[in-house]
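Please read the following briefing alongside the sequence and the three-dimensional view. The points are grouped by topic.

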Amino acid sequence: MDRYARWNALLELLTETGRVSVEDAADRLDVSQATIRRDFDQLAQQQMITRTRGGAVANGVSYDLPLRYKSAKHSAEKQRIGEAAAGLVTPGTVVGLNGGTTMTEVARALAVRPDLNSGGEGAQLTIVTNALNIANELLVRSRMKIVVAGGVVRPQSFELVGPLGGALLKEVTLDVVLLGVDALDVELGAAAHHEGEAAMNSLMVARAKRVVVIADSSKLGGHAFARICPISKVETLVTDSGAAPEMLAAVRDAGVQVICA
């Protein structure tokens, strides 16, 4: 396990437990205690954790770890979801994409579709996004037109938030928005941990003809701080086969098409 994989694992462990000792972390990751001490010291220098005598505790924002530190948790499911979501996009349309680990897989799946990157006049697809990493994934595809909403960058997610980006989104129309969320609940709707991201996502929903929520099964039935939109705004949910049948039934009863990748 390389250094960044260890850091991912340590941050995920602290997210779950709130506190971990050097000895426990070394046992769980099967590395030396000296290695864990160095990892803790380096993470503390980046203000990701707080060092304690003999261990570390999570900082208050540990529920919203920076994207670059998030592990490949549910990675296989997210790849399948990304491919299924990308399959809903047709050439010549305007597509909204927000940020997140699952949405990165959606962007990668779009980038390798031959029909969206073929020759001919004009862009085969127009992408409107508020996430810098999503734009970066797609920039090398010359047949796609990439529009990036302005704003202030959130290091946790690489998403741009604030009124600058909102002004642009109010002036465009999206054929479909593929929306990554932190939680989806039938009663509470789609939600995000950060209110700025939720506001930008809500604007995308308002400007879109179709709303497709992209969420792995761990996000279903969960709660997050800021609401993006009610379930009535969602046309389709793309998730993985690990979703609870009763949860999927409730989503279908709310009038949402469900695709399990």
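**Helices and sheets**

Helix α1 (residues 3-17) lies across β1, β2 and β3 and runs at about 125° to β1. This is a predicted model, in which local features need pLDDT of at least 70 and side-chain atom pairs count only at pLDDT 80 or more, while totals for chains, interfaces and linings use all residues. Residues are numbered from 1 along each chain as its sequence is written, and side-chain values use heavy atoms, with hydrogens and water left out. Helices (H or I, at least four residues) and strands (E, at least two) are DSSP runs, numbered from the N terminus. Axes are lines fitted to C-alpha atoms, for helices over the stretch in contact (heavy atoms within 4.5 Å), and angles run from 0 to 180 degrees between N-to-C directions.

**The antiparallel sheet**

- An open sheet is formed by 3 strands in the order β1-β3-β2, with antiparallel pairing; two strands pair if DSSP finds at least two bridges between them.
- The edge strands, β1 (19-21) and β2 (49-52), each pair on one side only.
- On average, neighbouring strands of this sheet are turned by 25° against each other, direction ignored.
- Strand β3 (residues 55-58) is joined to β2 by 4 bridges, and I49 has A58 in β3 as its bridge partner.
- Helix α2 (residues 22-29) also lies across β1, β2 and β3, running at about 80° to β1.

**The parallel sheet**

- Another open sheet has 7 strands in the order β6-β5-β4-β9-β12-β14-β15, and its pairing is parallel.
- Because β6 and β15 (257-260) stand at the edges with a single partner strand each, one side of each is left without a neighbour in the sheet.
- From one strand to the next, the twist averages 20°.
- Strand β14 (residues 236-239) is joined to β15 by 4 bridges, and the bridge partner of V238 in β15 is I259.
- Helix α5 lies across β4, β5, β6, β9 (174-180) and β12 (208-214), at about 135° to β9.
- Helix α8 (residues 195-207) lies across β4, β5, β9 and β12, at about 150° to β9.

- N133, I134, A135 and L138 in helix α6 (residues 132-139) are buried, where buried means under 20% relative accessible area, exposed over 50%, and partly exposed in between (1.4 Å probe, protein chains only).
- The buried residues of α6 pack against β4 (94-97), α5 (101-111), β5 (125-129) and β6.
- V148, found in strand β6 (residues 144-148), is partly exposed, with a relative accessible area of 34%.
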